[in-house]
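Subject: Model handover and notes

Dear colleague,

Here is the model we talked about. Please look it over alongside the notes that follow.

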Amino acid sequence: MGTLSIMAGILLSCFSQSGPGYAVVNLSVNFLREAPDYTAELGTQALMGSVVRIIGEDGYWKQVITEEPYTAWCTDLGLVEMSDTEIREYIEAPKYICTSWRSTVLTEASVKSDKICDLVEGDILRQGMKRGHPTMKNGFAQVVLPDGRKGYVRKKDMMDYARWEETRMPDAEHIIKEAMKFTGVPYLWGGASPNGVDCSGLVRHVFLMNGIELPRNASSQAASGKDLKIPFDPGLCSAPQDMETLKAEMLRRTESLMPGDLLFFGTPGTDGGKDRITHVGIYLGNGKMIHSSHVVRTNSLIPGETGYYENSYRLIKACRILPDNDFSRVKDK
């Protein structure tokens, strides 16, 4: 499901609710915190152009519900509040999505002009229009920020949103290609953008850029898609074993996995209790995964292999999100 479809879904589900109303994120990456204070824990991030529902306020802090949904706080300067009518008009307006890792909104169609703001991959802006057609100039596209300011972005950094949504190919090859862009990006608790990601934030952004909306947290992501019953001995999930025993176990756990599957680590539930999920990664094939741990990196789940992930023994669950994996097109990583 694409971002504009998500916006429409939020609008329809919340339209009859009472409350302060809606807002659109007005920063390239808005940092949403668990309490109305700059020192509070970072909960998640929201990208420019996404719609949120305002449900409370504390001074200049606004409590919002994001698309995932996720409830957190941000300051009013990072939002543009809109009425029901304005939100409908915003959602229906032609838009661009930033497809470049990073870009810039400039005052004029020239790299020598002043900067208005930065952009990151996934940001959404309305198209500047003239006589019913997008305004282009010198290789730049005119854009309209959520607060109404107009500027220019290099055309090659943007894509018409409707076309982008239609051309998403959520298969293993594209998921892995997107994930590999993040290699070396620092781990950031609550991060879900090129400015920093935690483990589930990486997964969410990677799948979102391929047209698939996932929940924000690893425990919720673990309940998505097709549950893969990977074989494992619960006793080997509580403490590392000798390398030969663990190698045989990890080869057994990964034998049915396919590239693009999600891998979940943690502690298995006991006496009928729920598993405790603490980490998630994306399977690359051949016993390897990419994940955000200290930095976004590629590791092997198999003891003795280069880049062995020391916590691989805690793999307790896997799920398949992709509806039609074309595994033959994925190169060995």
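In the notes on linings, Ala, Val, Leu, Ile, Met, Phe, Trp, Tyr, Cys and Pro count as nonpolar, Asp, Glu, Lys and Arg as charged, and the others, Gly among them, as polar. This is a predicted model, so local features need pLDDT of at least 70 and side-chain atom pairs count only at pLDDT 80 or more, while totals for chains, interfaces and linings use all residues. Residues are numbered from 1 along each chain as its sequence is written, and side-chain values use heavy atoms, with hydrogens and water left out.

Pockets

Pockets and cavities were found on a 1 Å grid over the protein atoms alone: a cavity is a set of points where a 1.4 Å probe fits but cannot get out, and a pocket is an open set with protein on both sides within 12 Å along at least five of seven lines. Lining residues have an atom within 4 Å of a point. Grid points are joined across faces, edges and corners, and a volume is the space filled by probe spheres set on the points. Helices (H or I, at least four residues) and strands (E, at least two) are DSSP runs, numbered from the N terminus.

The largest pocket holds about 410 Å³ of space. Its lining is made up of 26 residues, and Tyr187, Trp189, Cys199, Ala218 and Thr278 lie nearest the centre. Two or more lining residues come from each of helix H5 (199-208), helix H6 (218-221), strand E22 (276-285) and strand E23 (288-293). E22 provides the largest share, four residues. By class, this lining has seven nonpolar, 11 polar and eight charged residues.

The second largest pocket has a volume of about 250 Å³. Among the residues that line this pocket are Thr99, Glu121, Trp164, His174, Lys177 and Asn210. Helix H4 (residues 172-180) gives the largest share of the lining, three residues.

Cavity

The structure holds one cavity of 30 Å³ or more. The volume of the largest cavity is about 210 Å³. Of the 20 residues that line the largest cavity, Leu47, Ser50, Glu67, Arg204 and Leu208 lie nearest its centre. Strand E3 (42-47), strand E4 (51-58) and H5 each give two or more residues to this lining, and H5 gives the most, with four residues. The lining has 10 nonpolar, seven polar and three charged residues.

Salt bridges

A salt bridge is taken as a side-chain nitrogen of Lys or Arg within 4 Å of a carboxyl oxygen of Asp or Glu. By this rule the count comes to 15 salt bridges.

One of them pairs Glu81 with Lys62, with the closest N and O atoms 3.5 Å apart. Glu81 is in strand E7 (residues 79-82) and Lys62 in strand E5 (residues 61-65), so this pair ties together parts that are 19 residues apart in sequence. For accessibility, buried means under 20% relative accessible area, exposed over 50%, and partly exposed in between (1.4 Å probe, protein chains only). Glu81 counts as partly exposed because its relative accessibility is 43%, whereas Lys62, at 9%, counts as buried.

Arg149 forms a salt bridge with Asp147, where the closest N and O atoms are 2.8 Å apart. Arg149 is partly exposed at 37% relative accessibility, and Asp147 is partly exposed at 32%.

Asp227 and Lys317 also form a salt bridge, with the closest N and O atoms 2.8 Å apart. Asp227 lies in strand E20 (residues 226-228) and Lys317 in strand E25 (residues 315-320), so the pair ties together parts that are 90 residues apart in sequence. Asp227 is partly exposed, with a relative accessible area of 33%, while Lys317 is buried, at 16%. Salt bridges that share partners also join Glu67, Glu68, Arg204 and Glu213 into one network.

In helix H2 (residues 84-92), Ile87, Tyr90 and Ile91 are buried. These residues cover an arc of only 95 degrees around the axis, which puts them on the same side of H2; the arc is that of the directions from the helix axis to the C-beta atoms. Thr85, Glu89 and Glu92 are exposed on the other side of H2.

Thr75 is found in strand E6 (residues 71-75). Thr75 is buried, with a relative accessible area of 13%. Apart from neighbours within four places in sequence, Thr75 is in contact (heavy atoms within 4.5 Å) with Tyr38, Tyr60 and Trp61.

Regards
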